[in-house]
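Please look through the sequence and the structure shown here, and then read the short report that follows.

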Amino acid sequence: MLKHHVPLAPLTWFQVGGTANTFLKAETTEELVYFLKQYKKQDYFVLGAGSNVLISDAGTSRPVIKLHLHNFDITHESIIVDGGMLDRTLSLEMAQLGLSGFEFLSTIPGTVGGGIFMNAGAYGHEISDHLQWIEYVNRDGDIQRLRQDQIKFSYRTSSLPRDFVIIKAAFEKRPLSKNLVFEKMADYQKKREESQPVRVKTGGSTFKNPPYHKAWELIDQSGCRGMMCGGAKVSEKHCNFLINTGHATADDLKTLGTIVQEKVLKTTGVLLEWEIICI
Ligand SMILES: Cc1cc2nc3c(=O)[nH]c(=O)nc-3n(C[C@H](O)[C@H](O)[C@H](O)COP(=O)(O)OP(=O)(O)OC[C@H]3O[C@@H](n4cnc5c(N)ncnc54)[C@H](O)[C@@H]3O)c2cc1C
């Protein structure tokens, strides 16, 4: 379904940002393919669960695509899921089947497509670990497939071009006792609640951990814990998280992030790289 002037704030975890002039809610692959053939000359943006993006207050003139494709299929060799499925749903479905390797995903609030693009990870695991292949639609509207070994994955990034729309992914099946899988999930959830702010408007980790450092430690050393700019705040609980305390604008959040970056550079000599994608 194609819409115009769609507010994006409710579709992101920060709950800030303006509107999209053009917005496709893709309910079928055919609809997505048709749209891409029409709009291929434009620089479009694929929005997942909006858990790693900061959309500017002015919104975007780029067409925004959001997948409403959430199917889950089991074959002899694989679990095949749609790119729009939530990581948490995938993790729960796997747990119900007594399949391991996806427990950490129950704590990541993104979609499978966003997770693969970002190579989402936690507690020593990454989404690419058990990936077999992805299916994507390119700018010309062609559906193509890439095996895991044809994609380069590293810390919070992949070599996938920004204009590929990931529509499906296949994962290996690794059987384990259901109880153990659910125990691991509960353990990760507990760890998360102890160390990070939960049930708040945030984008998760703001900056990537630089080699040999933890971003939160550098931010803490630089005296930024609890710092505020308008309605944006550096979390007291985990200072690599920026929080919208209720009335922040995207500008508040971006400005606060930039101040943190500058303070860290001045204090420690390390330039933090944004993990959050700013649009
Ligand atoms: C509370 C909280 C905790 C978090 N914890 C973690 C964590 O532990 N580990 C971690 O890695 N991340 C974490 N994150 C960040 C975020 O959840 C992940 O990066 C997640 O994988 C992003 O998925 P998304 O669907 O929300 O993508 P979005 O934020 O919507 O988009 C992120 C990027 O992915 C691209 N994208 C989205 N969907 C597709 C698709 N179908 N095809 C192609 N590209 C696509 C977008 O264009 C964009 O470039 C956390 C975020 C929050 C809010």
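Predicted model: local features only at pLDDT ≥ 70, side-chain atom pairs only at ≥ 80, totals over all residues.

The ring of F164 is paired with that of Y136, and since the two centres lie 3.9 Å apart with the planes at 5°, the pair is stacked. Y136 is in strand 10, whereas F164 is in the loop between strand 13 (157-158) and strand 14, so that the pair links parts of the chain 28 residues apart. Y136 is likewise buried, at 5% relative accessibility.

## Other ring contacts

The structure holds 5 aromatic pairs. One of them is formed by F102 and F171, an edge-to-face pair with 5.2 Å from centre to centre and 80° between the planes. This pair, too, links distant parts of the chain, with F102 in the loop between helix 2 and helix 3 and F171 in strand 14, 69 residues apart. F102 counts as buried at 2% relative accessibility, and F171 counts as buried at 0%.

Charged side chains also lie over rings: R145 is placed over the face of W133, at 3.5 Å from the ring centre, while K254 is placed over the face of W274, at 5.6 Å from the ring centre.

## The nonpolar cores

The largest nonpolar core has 27 residues, and those that touch the most other members are L90, V112, I116, I134, L160 and F171. At least two residues of this core come from each of strand 7 (78-82), helix 2 (87-96), helix 3 (112-118), strand 10 (131-137) and strand 14 (165-172). Leaving aside residues up to four places away in sequence, I116 touches I127, L131, I134, F153, S158, L160, I166, A169 and F171.

Apart from this core lies another, of 24 residues, which includes F207, C229, C239 and L272.

An open sheet of 4 strands is arranged in the order 15-18-17-16, with antiparallel pairing. Strand 15 (201-205) and strand 16 (228-229) stand at the edges, and because each has a single partner strand, one side of each is left without a neighbour in the sheet. Strand 15 runs antiparallel to strand 18 (residues 241-244) and is joined to strand 18 by 3 bridges; K201 has N244 in strand 18 as its bridge partner.

Helix 6 (residues 250-268) packs on this sheet, where the helix touches strand 16, strand 17 (232-234) and strand 18, and the direction of helix 6 makes about 30° with that of strand 17.

Methods: Residues numbered from 1 in each chain as written. Heavy atoms only, no water. Core = buried A, V, L, I, M, F, W, Y, C linked by side-chain atoms within 4.5 Å. Buried < 20%, exposed > 50% of the residue type's maximum accessible area, 1.4 Å probe, protein only. Contact = heavy atoms within 4.5 Å. Pairing = 2+ DSSP bridges. Axes fitted to C-alpha atoms, helices over the stretch in contact; angles between N-to-C directions. Phe/Tyr/Trp six-rings, centres within 6.5 Å; stacked < 30°, edge-to-face > 60°. Lys NZ or Arg CZ within 6 Å of the ring centre and 35° of its normal.
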